[in-house]
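I opened the notebook and loaded the file.

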Amino acid sequence: MIKSIIAAKSNNNVIGKNNDLVWHMPADMKYFMNKTKGHYVIMGRKTFESLGKPLPGRPTIIITRKKGYKVENCWVVPTIEEAFKIAEDEGQQHVFILGGAQIYKQTMDVADNMFITEIKGEFEGDAFFPAIDHNKWKEASREEHQPDERNKYPYAFVEYVRK
Ligand SMILES: NC(=O)c1ccc[n+]([C@@H]2O[C@H](COP(=O)([O-])OP(=O)(O)OC[C@H]3O[C@@H](n4cnc5c(N)ncnc54)[C@H](OP(=O)(O)O)[C@@H]3O)[C@@H](O)[C@H]2O)c1
């Protein structure tokens, strides 16, 4: 089963603030929705709560240490390993890791690839994407975009694969 990290980060690696996103970039939302469509998604409890509900068409596995935490129509598991096991047991060939910071940090060593949207700006935040070790990861593709009336910042869609 392929395990893909998907994240949007700023130049200074910010991914969020006060359990929310810090930019409004519809082009990235569209990219994210297209990539993850129809796939199982794994996320930390805080990211889930920031979304507020499961994303339609994406069976959701939430990781938490809280006992008795339940969300209708979602799996809730106490470890990252169990999250992967559910996706495997459900016959998935490709699962997406949706964050947040804690979950990215703990899955970067087991992910097969990463879809990173670079938002070209410096932002204040309290949640960060881990540093990408370029001895381990190489760019497989890069698509640069200029800002437009709906997307305020320049951005790039970058896929990383293992070296
Ligand atoms: N820009 C992006 O692409 C992107 C994507 C996703 C999220 N975000 C942002 O990231 C921020 C949230 O990230 P975060 O790091 O604060 O939270 P998070 O990673 O979403 O969730 C953290 C929670 O996951 C659970 N957890 C983590 N590791 C675990 C483990 N090994 N075993 C069991 N449970 C574990 C714990 O839940 P309990 O406390 O319930 O035990 C922990 O508090 C928000 O600002 C969000 O908007 C940004």
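**Entry 1: arginine 45 and glutamate 49.** I looked up this pair and found a salt bridge, with the closest N and O atoms 3.1 Å apart. The model is predicted, so I read every distance as a property of the model. Where do the two residues sit? Both are in helix 2 (residues 45-51), 4 residues apart, so about one helical turn separates them. I also checked the surface of glutamate 49. Its relative accessibility is 40%, which means that glutamate 49 counts as partly exposed.

**Entry 2: arginine 142 and glutamate 118.** Next I looked up a salt bridge between arginine 142 and glutamate 118. The closest N and O atoms are 2.9 Å apart. This pair links distant parts of the chain. Arginine 142 is in strand 9 (residues 137-145) and glutamate 118 is in strand 7, 24 residues apart. Glutamate 118 has 13% and counts as buried, because the cut-off for buried is under 20%. I then followed shared partners. Salt bridges join Glu118, Lys120, Glu139, Arg142 and Glu144 into one network.

**Entry 3: glutamate 124 and lysine 17.** How many salt bridges does the whole structure hold? My search of the whole structure gave 9. One of them is between glutamate 124 and lysine 17, with the closest N and O atoms 3.5 Å apart. Glutamate 124 lies in the loop between strand 7 (113-119) and strand 8 (127-128). Lysine 17 lies in the loop between strand 2 (14-16) and helix 1 (26-36). The pair therefore ties together parts that are 107 residues apart in sequence. Glutamate 124 counts as exposed, at 63% relative accessibility. Lysine 17 counts as partly exposed, at 31%.

**Entry 4: the cores.** I turned to nonpolar residues. In soluble globular proteins, nonpolar side chains tend to be buried together. Here the largest nonpolar core has 28 residues. Which residues have the most contacts inside it? They are Ile5, Ile61, Met114, Phe129 and Ile132. Several elements give two or more residues to this core, among them strand 1 (2-10), strand 3 (40-44), helix 4 (101-107) and strand 10 (155-162). Helix 3 gives the most, with 5 residues. The core draws at least three residues from each of domain 1 and domain 2.

I picked phenylalanine 129 and listed its contacts, leaving aside neighbours within four places in sequence. The list includes Ile5, Ala7, Ile15, Tyr104, Met114 and Ile116. I also noted a second, separate core of 23 residues. Val41, Leu55, Val71 and Tyr155 are included in that second core.

**Entry 5: the two domains.** The protein is divided into domain 1 (14-38 + 111-155) and domain 2 (40-93). Their C-alpha centres lie 22 Å apart. The contact takes 6 residues from domain 1 and 9 residues from domain 2.

**Entry 6: the ligand.** How many residues surround the ligand? I found 27, and the closest are Arg45, Thr47, Thr64, Arg65 and Gln106. Arginine 45 is also the salt-bridge partner of glutamate 49. I then looked at backbone atoms beside ligand oxygens. A polar backbone atom of arginine 65 is 2.8 Å from an oxygen atom of the ligand. For glycine 100, a backbone N or O atom lies 3.0 Å from a ligand oxygen. For alanine 101, the corresponding distance is 3.1 Å.

**Entry 7: aspartate 28.** I looked up aspartate 28 and found it in helix 1. Is aspartate 28 buried or exposed? Its relative accessible area is 10%, so aspartate 28 is buried. Leaving aside neighbours within four places in sequence, aspartate 28 is in contact with Ala8, Thr117 and Phe157. A polar contact of 2.6 Å joins the side chains of aspartate 28 and threonine 117. I also noted alanine 156, 128 residues from aspartate 28 in sequence, with 9.1 Å between the C-alpha atoms.

**Entry 8: alanine 140.** Alanine 140 counts as partly exposed, at 46% relative accessibility. Not counting residues up to four places away in sequence, alanine 140 touches Glu159, Tyr160 and Val161.

Definitions and conventions
Residues are numbered from 1 along each chain as its sequence is written. This is a predicted model: local features need pLDDT of at least 70, side-chain atom pairs count only at pLDDT 80 or more; totals for chains, interfaces and linings use all residues. Side-chain values use heavy atoms; hydrogens and water are left out. A salt bridge is a side-chain nitrogen of Lys or Arg within 4 Å of a carboxyl oxygen of Asp or Glu. Buried means under 20% relative accessible area, exposed over 50%, partly exposed in between (1.4 Å probe, protein chains only). A nonpolar core is a set of buried Ala, Val, Leu, Ile, Met, Phe, Trp, Tyr and Cys residues joined through side-chain atoms within 4.5 Å. Domain bounds come from an automatic or database domain assignment. Contact means heavy atoms within 4.5 Å. A residue is near a molecule or strand if one of its heavy atoms lies within 4 Å of it. A polar contact is a pair of N or O atoms within 3.5 Å; within protein, one must be able to donate a hydrogen and the other to accept it, and residues adjacent in sequence count only if both atoms are side-chain atoms.
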